[in-house]
Amino acid sequence: MSTDSYADSRDTTEGRVYTVSGGDWDDVLSDATHDERVVINMGPQHPSTHGVLRLVLELEGEIVTQGRAVIGYLHTGIEKNAEYRTWTQGVTFVTRMDYLAPLHNETAYCMAVEKLLGVEAPRRAQVIRVLLMELNRISSHLVCLATGGMELGALTGMTAGFREREEVLHLLEFLTGLRMNHAFIRPGGVAQDLPEGYEQKIRDFIKVMDSRLPQYDKLLTGQPIWKNRLAGVGYVPLDGCLQLGLTGPILRSAGLPWDLRKVEPYCGYEEYDFEVPVETAGDCFARYKIRLAEIHESLKLVAQCLDKLEPGAVMVEDAKIAWPAQLTIGADGMGNSLEHVRKIMGQSMESLIHHFKLVTEGFDVPAGQVYVPIESPRGELGYHLVSDGGTRPMRVHVREPSFVNLQAMPAMSEGGQVADVIAAVASIDPVMGGVDR
């Protein structure tokens, strides 16, 4: 009996594709030859591909014999767009790249601009940056746990993860004015000081998180189904991680305690007391445990930031860089307050012209190029900026960890089952905004 009697077929660039439309299933199975492999598309519109990601999987039965990641469905051209804006306006673009870690993108970009300028943000601004980044790391890891739980069928894990993330986003909105895409961290410091009552709000948040985090151990860590679903799945050994350039929780799950906050400290991280969680199993379960442990460490860092916040400036003194100067928010929560506008308008005509030119044209940055890496929730996030001495970047290029880490998908998936592809991709935690920037 030929295959044509029950299934139409056509040859595509990905191999032969059959359209099965009924027939006797026993006949189909008995007639199927073992060298026939099925090529399926998983995504880009799929609830379990962790974003707008297309996976082309070649299957033999339930086993994945080949996996390929197809990217580019979310392309935004952020790096190129940043070359057509002033150095300060660039912040509003890069914050939309890895949209789950906007504050890490802002910090890395601004640190690179500051390195070109030869300036350093004031101490209070540095502590505020660490505070915001660690809150952002918590919210990012919570999304990873929540979406990973959803994709594997642990729906309560999803609702709990998003419930806690909402607490973080409420707090970030209180501190910066926005839940996401803050553009709060600027070259030279931060846009404005923290609002009144910030300390109590943050301490309340830490109390809530400390009470809720143990629930994750009950709900997931100690749950046999969850553990069986992740343990031994998506294995990548340490040498594989190094060959593929993987960083972040994936690298630390294979046994290497590589965290840029420890090995190449920035923003004063060397003053803080925290651990770098490490596992040796190199599988999905190890990555899950690392992210959960990192949330605990980030809460410790947030508490230390409160103790280190001393009164002082939050923007460099240089009036040629400091924009917007001492911004105060209006009653609508968006524009400048009337007092702030009166202050600017009430100064000399020269200072008003200077303020206008600084906002519209931006400041010159000395010619040169820099690369500044930081530890984002997904690994090494580095900004390579090139200046030709003008008011706009000549080149912006980002070493985006999601883009590099996504290479591990075939290594994690091939030889395993289709269902394990979902666990593997969830454990990579790629953010497609960063991949397709």
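A residue is counted as buried when its relative accessible area is under 20%, and by this criterion buried residues make up 52% of the 437 residues in the protein, which is examined here as a predicted model. The protein comprises 18 helices and 10 strands. Of the contacts with a separation of 6 or more, 69% are accounted for by residues 24 or more positions apart.

The packing of two helices was examined in detail. Two packed helices are described by the angle between their axes and the distance between the axes. For helix 5 (residues 123-151) and helix 6 (residues 155-176), the angle is about 160 degrees and the axes are 8 Å apart. Since angles over 145 degrees count as roughly antiparallel, helix 5 and helix 6 are therefore roughly antiparallel to each other, and their crossing is left-handed. The residues that helix 5 contributes to the contact include Leu132, Leu135, Ile138, Leu142, Val143 and Met150, and those that they and their neighbours meet in helix 6 include Leu155, Met158, Phe162, Val168, Leu171, Leu172 and Leu175.

Helix 17 (residues 418-428) is mostly covered, with 10 of its 11 residues buried. The buried residues of helix 17 include Val418, Val421, Ile422, Val425 and Ile428, together with Asp420 and Ser427. Asp429, which follows helix 17, has a positive phi, near 60 degrees.

Side chains of opposite charge can pair when their charged atoms come close, and the structure holds 26 salt bridges. One of them joins the side chains of Arg37 and Glu58, with an N to O distance of 3.4 Å. Arg37 lies in the loop between helix 1 (25-31) and strand 3 (38-42), whereas Glu58 belongs to strand 4 (residues 54-60), so this pair ties together parts that are 21 residues apart in sequence. The side chain of Arg37 also meets that of Glu60 in a salt bridge, here at 2.9 Å from N to O. This second pair again links distant parts of the chain, namely strand 4, which holds Glu60, and the loop between helix 1 and strand 3, which holds Arg37, at a separation of 23 residues. Arg37 counts as partly exposed because its relative accessibility is 39%, and Glu60, with a relative accessible area of 29%, is likewise partly exposed.

A further salt bridge is formed by the side chains of Glu83 and Lys80, at 3.0 Å from N to O. In this pair Glu83 is buried, with a relative accessible area of 8%, whereas Lys80 is partly exposed, at 42%. Elsewhere, salt bridges that share partners join Glu134, Arg137, Arg252, Asp259, Arg261, Glu294 and Glu375 into one network.

Thr247 was considered as an example of a loop residue, being located between helix 9 (238-244) and helix 10 (249-252). With a relative accessible area of 6%, Thr247 is buried, because this value falls under 20%. When residues up to four places away in sequence are not counted, Thr247 touches Arg378, Gly379, Glu380, Arg399, Pro401 and Asn405. With Glu380 there is also a polar approach, in which a polar atom of the Thr247 side chain lies 3.0 Å from the backbone nitrogen of Glu380.

How values were computed: Residues are numbered from 1 along each chain as its sequence is written. This is a predicted model: local features need pLDDT of at least 70, side-chain atom pairs count only at pLDDT 80 or more; totals for chains, interfaces and linings use all residues. Side-chain values use heavy atoms; hydrogens and water are left out. Helices (H or I, at least four residues) and strands (E, at least two) are DSSP runs, numbered from the N terminus. Buried means under 20% relative accessible area, exposed over 50%, partly exposed in between (1.4 Å probe, protein chains only). A polar contact is a pair of N or O atoms within 3.5 Å; within protein, one must be able to donate a hydrogen and the other to accept it, and residues adjacent in sequence count only if both atoms are side-chain atoms. Contact means heavy atoms within 4.5 Å. A salt bridge is a side-chain nitrogen of Lys or Arg within 4 Å of a carboxyl oxygen of Asp or Glu. Axes are lines fitted to C-alpha atoms, for helices over the stretch in contact, and angles run from 0 to 180 degrees between N-to-C directions. Angles under 35 degrees count as roughly parallel, over 145 as roughly antiparallel, 65 to 115 as roughly perpendicular and the rest as oblique. A crossing is left-handed if the near helix is turned anticlockwise from the far one by less than a right angle, and right-handed if clockwise.
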